[in-house]
Amino acid sequence: LPTALRQLINMVDPFALITKGNALESASNHWGAAYSYSGASVALRQRADAISSQLSSEINHASHPNDGTKQKAIEERRKVVSLYRAQSLEYLYKARFCLLSALQFENDQDRDRTVDVAKSGFGSLDPLCSMITDE
């Protein structure tokens, strides 16, 4: 197998990451979803780059560049590269959206905590204090 194809096979499965991201997003785990979608985006881009690199090599070393069958196969793989790149961008945007949702949730929690402390006069305004246990 060519090196680029071997690398493609050994890469992280972006579709497993997408499935995991969907489940995490459904469970409102926006931090986890952002991480999974980001990983999927990178994996999809790497697959596109690997196929593109392989295509460039094949085109440069083609003995019969006008072979219709070979041209059709090359065109089909160019479409695959394009689809992988489009999906990579889609999941990059989803990762960013989930990251923003996670940050908004954290911000809302901090705001609510500030209101509670202001009303009761008790508690800490430091968000990290809520993560510390009494033990």
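Predicted model: local features only at pLDDT ≥ 70, side-chain atom pairs only at ≥ 80, totals over all residues.

Me: OK, at what angle do H3 and H4 pack, and how far apart are their axes?
Reply: Helix H3, which covers residues 30-60, packs against helix H4, residues 68-120, at an angle of about 160°, and their axes are 7 Å apart. Angles over 145 degrees count as roughly antiparallel, and H3 and H4 are therefore roughly antiparallel to each other.

Me: And which hand does the crossing of H3 and H4 have, left or right?
Reply: The crossing of H3 and H4 is left-handed. As for what the contact of H3 with H4 is made of, by class there are 20 nonpolar residues, eight polar ones and nine charged ones.

Me: Where does H2 come in, say relative to H3?
Reply: H2 and H3 pack with their axes 8 Å apart and at an angle of about 160°, which makes H2 roughly antiparallel to H3. The crossing of H2 and H3 is left-handed.

Me: Then what about H2 and H4, parallel or antiparallel?
Reply: The axes of helix H2, residues 14-26, and H4 come within 12 Å and cross at roughly 25°. Because angles under 35 degrees count as roughly parallel, H2 and H4 are described as roughly parallel to each other. The crossing of this pair, H2 and H4, is left-handed.

Me: Switching to charges: how many salt bridges are there?
Reply: The count comes to six salt bridges. One of them joins the side chains of Asp 49 and Arg 85, with 3.3 Å from N to O.

Me: Which helices do Asp 49 and Arg 85 lie in?
Reply: Asp 49 lies in helix H3 and Arg 85 in helix H4, so this pair ties together parts that are 36 residues apart in sequence.

Me: Last topic, the surface. Which residues form the nonpolar patch?
Reply: The patch on the surface is formed by Trp 31, Leu 99, Leu 100 and Leu 103, and together these residues have about 390 Å² of accessible area.

Me: Which helix gives the most to that patch?
Reply: H4 does, with three residues in the nonpolar patch; Leu 103, for instance, lies in helix H4.

Conventions
Residues numbered from 1 in each chain as written. Heavy atoms only, no water. Axes fitted to C-alpha atoms, helices over the stretch in contact; angles between N-to-C directions. Helix = DSSP H or I, 4+ residues; strand = E, 2+ residues; numbered from the N terminus. Parallel < 35°, antiparallel > 145°, perpendicular 65-115°, else oblique. Left-handed = near helix turned anticlockwise from the far one by under 90°. Nonpolar A, V, L, I, M, F, W, Y, C, P; charged D, E, K, R; others polar. Patch = residues over 30% accessible without salt bridge, like charges linked within 9 Å, V, L, I, M, F, W, Y side chains within 5 Å. Areas by Shrake-Rupley, 256 points an atom, 1.4 Å probe, with all protein chains shown as cover. Salt bridge = Lys/Arg side-chain N within 4 Å of Asp/Glu carboxyl O.
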